[in-house]
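My entries follow in the order I checked them.

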Amino acid sequence: MDLAYGPRYAAFQQQVRDFAATYGARAPRGGSMAASREWQQLLLEHGYAARTIPKEYGGYGAEPDILESRIIAEEFIAAGLPMGMSGQGISMLVPTLLELGTEAQKKEWIEPTIRGEVLWCQGYSEPGAGSDLASLTTHAVEDRDDFLINGQKIWTSSAHFSDMIFCLVRTEPDKPKHHGISYLLFSMKTPGIEVRPLVTMTGQAEFNEVFFTDVRVPRSQIVGERGQGWQVANATLKYERGMLGDPNQAGTRFKQLVEMAKTETVDGHRLIDSPVWRDRLLKLQARVLAMQFHGLRLLTARLTGENPGVAGLIVKLMGCELNNQLAAFAIDALGELGVLYDGSPHLRAGGNWQRNYMFDLGLIIGGGTAQIQKNIISERGLGMPREPKLAS
Amino acid sequence: MDFALTDDQKMMQDTIGRTLERVCPLDRVRKAAADKELYAADVWAALAEVGAAGLIVPEEHGGVGQTLLDAALAAEMLGRSVAPVPFTASCVMAPLALMGSGSPAQQAEWLPRLAAGEAVAGVAVSEIASGARDGAGVAAASGKLSGKALFVLDAGGADLFVVADKAKGLHLVRGDAPGLTRSDLATIDATRRVGELAFDHVEAEPLAARDGAATLGRMIDAGRVVLAADILGAGGRMIEKAVSYAEERKQFGRVIGSFQAVKHLCAEMVAELEPCRSLIWYAAYAFDAAPEEASLMAAHAKAHTSETGTFVARTATEVHGGMGFTDLLGLHYWFKRIGFDRQMMGGPERVRADAAALQGWV
């Protein structure tokens with residue numbers, strides 16, 4: 001155990017701090033896409049976005065170095081600067097293409113994606129294929145040089161403004177379900193695609209339903225071979241689960257809760273002066289610290305190439321659950337203020353806690369439900385037997 | 001940046017684990033419990049031989065001169081094997097008392113014997129760490145102690161006691177000091193000995209070479225981390241036992257481990273316990289490398305691992321069904337070990353209250 005960075009990384013840390021001091025004022029303050037792209041461009045030039053993507057695909061071309069990534073994230077958080085653009089294209093498709101795409105696909109898609117010029121959505125879940133994703137039925141048949149796609153996807157975040165989709169379709173209906181799937185890339189402007197926003201319990205449409213009717217996609221737009229889409233999809237899921245359990249978010253939320261407990265008053269008394277609220281806050285603090293140190297332990301295992309085993313499989317389950325518990329604390333601490341919403345007078349933090357509490361439930365379910373995570377932990381992590389298959 | 005154990009630490013932990021597997025199987029634990037042994041002397045001798053007793057004692061006093069993290073790793077193994085040996089007080093807290101506030105003569109007299117496992121030291125700090133019950137408390141006046149101390153850790157067969165008085169002064173009291181009445185407190189956990197000490201103007205040597213209150217704080221921090229590590233080991237072993245039982249036991253024509261109702265319990269246990277390991281490693285590391293955070297981290301490690309340990313203890317027992325409840329299987333030794341650890345040096349509510357105070361929230 002030695003948590004000091006050492007001279008090389010201390011120098012890198014200084015470099016990031018200098019960047020923050022010099023360019024921090026140029027960080028985008030609202031949600032304009034143009035401003036986000038400009039900031040992204042600046043980050044790409046300095047290697048603070050797409051840092052390890054090879055230069056020929058528009059990246060910065062640095063050697064993968066987990067510690068450098070961590071320092072960038074820490075310093076950006078400390079300086080209150082937004083990280084580069086994220087989203088399913090940058091976080092999930094790009095690493096998948098780097099691992100499994102053809103040279104032509106990498107050349108065509110990675111650069112515009114990391115520059116934020118092409119936005120992607122993910123066409124995985126279907127009404128009848130949730131946890132049992134491999135039973136998906138959206139199908140593609142060959143028609144001359146094209147695939148002809150019919151079917152429906154659901155829970156497709158950002159489909160309403162995405163340019164492209166990476167999509168799982170059944171191309172080999174006669175093969176066992178895991179061997180009949182292909183992974184296709186196509187434009188959301190292709191004729192035959194209809195996007196219907198799906199309003200969730202938050203009151204907003206974070207997701208969509210996407211309908212495909214005779215959607216024509218060139219056969220060359222497949223990643224991997226026909227029937228190998230499941231392996232490609234699993235590569236993508238690995239990146240998604242890494243993204244969903246991030247303990248730094250919990251650390252940031254916890255600080256806000258302490259601040260809330262020190263400023264909110266009931267009958268003129270601060271919440272933090274009540275032993276009941278303090279005790280609940282402390283229980284959460286232990287969990288937040290445990291997950292942060294756990295993150296450092298897994299980070300070290302990645303650096304040294306050691307297999308963390310079951311310790312690595314619990315992050316999505318525990319991280320998402322913890323975030324939800326943090327939001328739940330805020331709502332209880334606010335009491336009746338915690339049920340206000342939608343621009344009401346007396347609303348705190350713009351209703352973010354209420355929205356997070358509900359949206360986090362979506363994250364507990366999405367990306368592999370808590371129950372699927374427990375299957376993974378017990379089967380892959382503890383070596384317990386699978387549920388026997390029903391005789392069909 | 002390196003959040004991991006060194007090869008030496010892994011090897012030390014492995015050596016202690018293998019020694020315990022050899023000398024401390026469940027039958028040996030049962031015998032110690034049945035015979036009300038003060039501690040399992042043969043197990044203790046085998047552990048002392050591989051250096052477990054002197055892990056944190058400086059080399060100049062015959063120890064190994066390692067960190068609290070090393071002691072925590074050893075404690076994890078002791079919890080794993082529910083080893084009936086004096087460790088938390090005798091090998092961690094008492095040496096820290098001597099190292100922190102002992103005179104050179106006191107250190108020279110006791111540290112080498114403690115490090116070799118030749119002497120056992122009990123620690124009487126419950127009134128400070130957990131709060132006084134039943135009128136306990138020790139008063140010091142003109143070099144003599146009066147009053148009583150409850151829940152004295154590793155009291156069985158102790159040659160020496162480190163005693164905290166009400167004013168947080170520390171004292172050394174010989175096990176055979178005139179006026180000292182020792183009695184054993186029977187607890188649910190037959191693998192450790194706690195005692196009650198009654199003092200009637202007992203001769204004591206002050207541990208006053210340096211500020212006693214600061215040393216006392218360090219002792220309690222270290223004790224909390226080590227007890228948390230003991231829970232980690234005991235809980236980890238309970239999960240392993242639950243998993244292997246669920247893979248053998250058949251009902252409805254299939255092993256019960258193939259039922260999600262059962263295997264999800266196992267997943268929940270390991271998902272809760274693994275982050276505790278990370279928290280304990282950090283708390284132990286902070287004790288030596290980041291003293292300003294040490295008390296807070298020790299408090300969190302103790303409270304959170306205790307909560308998790310309680311969850312694991314009952315859940316692993318449930319996975320074993322009726323068998324988990326029997327003496328025959330012996331799972332209850334781990335269950336009770338965790339229950340004991342949870343309350344010593346402050347139960348979760350008490351320790352979290354300390355954590356609040358440490359952050360200026362009170």
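Predicted model: local features only at pLDDT ≥ 70, side-chain atom pairs only at ≥ 80, totals over all residues.

Entry 1: I began with a bridge: A:Cys121 has A:Ile165 of β4(A) as its bridge partner. Residues are numbered from 1 along each chain as its sequence is written, while chains are lettered from A and ligands numbered from 1 in the order in which they are written.

Elements here are DSSP runs, numbered from the N terminus: helices are H or I with at least four residues, strands are E with at least two. Strands pair if DSSP finds at least two bridges between them. Strand β1 (residues 120–123) of chain A runs parallel to β4(A), with four bridges. I then checked β5 (residues 181–187) of chain A, which runs antiparallel to β4(A) and is joined to it by seven bridges. There, A:Leu168 stands opposite A:Tyr183.

Entry 2: Is β4(A) enclosed or open? I called a residue buried if 20 or more other C-beta atoms lie within 10 Å of its own, exposed if 12 or fewer, and partly exposed in between, with C-beta atoms placed from the backbone. Seven of the seven residues of β4(A) (residues 164–170) are buried, so the strand is largely enclosed by the rest of the structure. In a regular strand the side chains alternate between the two faces of the sheet. I found A:Met164, A:Phe166, A:Leu168 and A:Arg170 buried on one side.

**Entry 3: helix α12(A).** Which residues of α12(A) are buried? I listed A:Gln373, A:Lys374, A:Ile377, A:Ser378 and A:Gly381. They fall within an arc of 125 degrees seen down the helix axis, so they line one face of α12(A). The arc is that of the directions from the helix axis to the C-beta atoms. The cover includes α9 and α10 of chain A, and also α9 (260–289) of chain B. Just after α12(A), I noted a positive phi of about 70 degrees at A:Gly383.

**Entry 4: the chain contact.** I counted two residues as in contact if their C-beta atoms, placed from the backbone, lie within 7 Å. Chain A puts 39 residues into the contact and chain B puts in 36. On the chain A side, α8 (275–304), α9 (310–313), α10 (315–334) and α12 (370–381) each supply at least two residues. The most come from α8(A), with 16 residues.

**Entry 5: domains of chain A.** The assignment, automatic or from a database, gives domain 1 (6–85), domain 2 (120–228) and domain 3 (245–381). The centres of domain 2 and domain 3 of chain A, taken over C-alpha atoms, are 32 Å apart. Their contact takes seven residues from domain 2 and eight residues from domain 3.

**Entry 6: whole chains.** Chain A has 12 helices and 10 strands. Chain B also comes to 12 helices and 10 strands. Buried residues make up 38% of the 392 residues in chain A. The C-alpha atoms of chain A fill a box of roughly 75 × 50 × 45 Å along the principal axes. For chain B the box is roughly 75 × 50 × 40 Å.
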